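Thanks for coming, everyone. Please have a look at the model on the screen, and then I'll walk you through a few spots.

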Amino acid sequence: MLERALVFLDLETTGATAHSDRITEIGLVEVDHGRHLGEWSSLVNPQRPIPPMIESLTGISAAMVADAPSFAELAQL
């Protein structure tokens, strides 16, 4: 076992191109010695359309992220 807690990060995005696609959801899970310590998640408004294939893959629609904070807003937390 590791001597410190770990945080696992999961992202959903509008695609796989780093310079043009954006994050639509962030999820974090913290564990320590196999024990679940906490989790946090948020939808993210990518400020661009979500392609139909990505919506089908992730289940995240434009309507779901319309009122979500932008990544810049979340980064300030």
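**Two loops and a sheet**

Start with Thr14. You'll find Thr14 in the loop between β1 (6-13) and β2 (23-32). Keep in mind that this is a predicted model.

Is Thr14 buried or exposed? Its relative accessibility is 2%, and buried means under 20%, so Thr14 counts as buried. What is around it? Skip the neighbours within four places in sequence, and Thr14 is in contact with residues including Asp21, Arg22 and Thr24. Pro46, Arg48, Pro49, Ile50, Pro51 and Ile54 are also in contact with Thr14. With Asp21 there is a polar contact, side chain to side chain, at 3.0 Å.

Next loop. His33 sits between β2 and β3 (35-43). His33 has a relative accessible area of 46%, so it is partly exposed. Which side chain does the His33 side chain make a polar contact with? That of Asp32, at 2.9 Å. Now look for His19. In sequence, His33 and His19 are 14 residues apart. In space, C-alpha to C-alpha, they are 37 Å apart.

Now the strands. Three of them form an open sheet, ordered β1-β2-β3, with antiparallel pairing. β1 and β3 stand at the edges. Each has a single partner strand, so one side of each is left without a neighbour in the sheet. From one strand to the next, the twist averages 10 degrees.

How many bridges join β2 to β3? Eight, and the two strands run antiparallel. To get your bearings there, find Gly27: it stands opposite Ser41 in β3.

That's my tour. Over to you.

Terms used. Residues are numbered from 1 along each chain as its sequence is written. This is a predicted model: local features need pLDDT of at least 70, side-chain atom pairs count only at pLDDT 80 or more; totals for chains, interfaces and linings use all residues. Side-chain values use heavy atoms; hydrogens and water are left out. Helices (H or I, at least four residues) and strands (E, at least two) are DSSP runs, numbered from the N terminus. Buried means under 20% relative accessible area, exposed over 50%, partly exposed in between (1.4 Å probe, protein chains only). A polar contact is a pair of N or O atoms within 3.5 Å; within protein, one must be able to donate a hydrogen and the other to accept it, and residues adjacent in sequence count only if both atoms are side-chain atoms. Contact means heavy atoms within 4.5 Å. Two strands pair if DSSP finds at least two bridges between them. Axes are lines fitted to C-alpha atoms, for helices over the stretch in contact, and angles run from 0 to 180 degrees between N-to-C directions.
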